[in-house]
Amino acid sequence: MKAGDSVRLIRIPEGLDDSPELKTRPLFEKCLGKSFVIDHIETCAGVPHKFAALDVGHIVGQESYMQTIVVEEEYLEIDKTS
């Protein structure tokens, strides 16, 4: 996967922060099954896998760039319908 690819969120990562302030889990739940374009790919020192950054603000009525989720590639699949 690379920046610009259209992907679908197919699973929600376990252990996702569920704090009322951040509302991370509810945002992921709203994104589940939907397609997004990868904004960029991130790496983290000492972590063997990559993370895809997805702009998802439009899911909650904002500009897309206002909300971004960063998720491991294993929770995504290439969207072949786009």
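**The salt bridges and their surroundings**

Guide: The model is predicted, with a mean pLDDT of 92 for the protein and 99% of its residues at 70 or more. Confidence is highest in strand β1 (residues 6-9), at 97, and lowest in α1, at a mean of 93.

The structure holds 3 salt bridges. One of them joins K2 and D5, whose closest N and O atoms are 2.9 Å apart. K2 is exposed, because its relative accessibility of 52% is over the 50% cut-off. D5, by contrast, is buried, with a relative accessible area of 16%.

A further salt bridge pairs R8 with D79, the closest N and O atoms lying 3.0 Å apart. This pair connects distant parts of the chain, since R8 belongs to strand β1 and D79 to the segment after β5 (76-78), 71 residues apart. R8 is partly exposed at 23% relative accessibility, whereas D79 is buried at 6%.

E74 and R11 also form a salt bridge, with 3.6 Å between the closest N and O atoms. Here, too, distant parts of the chain are linked: E74 is in the loop between β4 and β5, R11 is in the loop between β1 and α1, and 63 residues separate them. Both partners are partly exposed, E74 with a relative accessible area of 48% and R11 with 41%.

Charge also gathers elsewhere on the surface: D17, D18, E21 and E29 form a patch of negative charge. Of these, E29 lies in helix α1 (residues 24-31) and is partly exposed, at 46% relative accessibility.

Key. Residues numbered from 1 in each chain as written. Predicted model: local features only at pLDDT ≥ 70, side-chain atom pairs only at ≥ 80, totals over all residues. Heavy atoms only, no water. Patch = residues over 30% accessible without salt bridge, like charges linked within 9 Å, V, L, I, M, F, W, Y side chains within 5 Å. Areas by Shrake-Rupley, 256 points an atom, 1.4 Å probe, with all protein chains shown as cover. Salt bridge = Lys/Arg side-chain N within 4 Å of Asp/Glu carboxyl O. Lys, Arg positive; Asp, Glu negative; His and termini not counted. Charge placed at Lys NZ, Arg CZ, Asp CG, Glu CD. Helix = DSSP H or I, 4+ residues; strand = E, 2+ residues; numbered from the N terminus. Buried < 20%, exposed > 50% of the residue type's maximum accessible area, 1.4 Å probe, protein only. pLDDT = per-residue confidence, 0-100.
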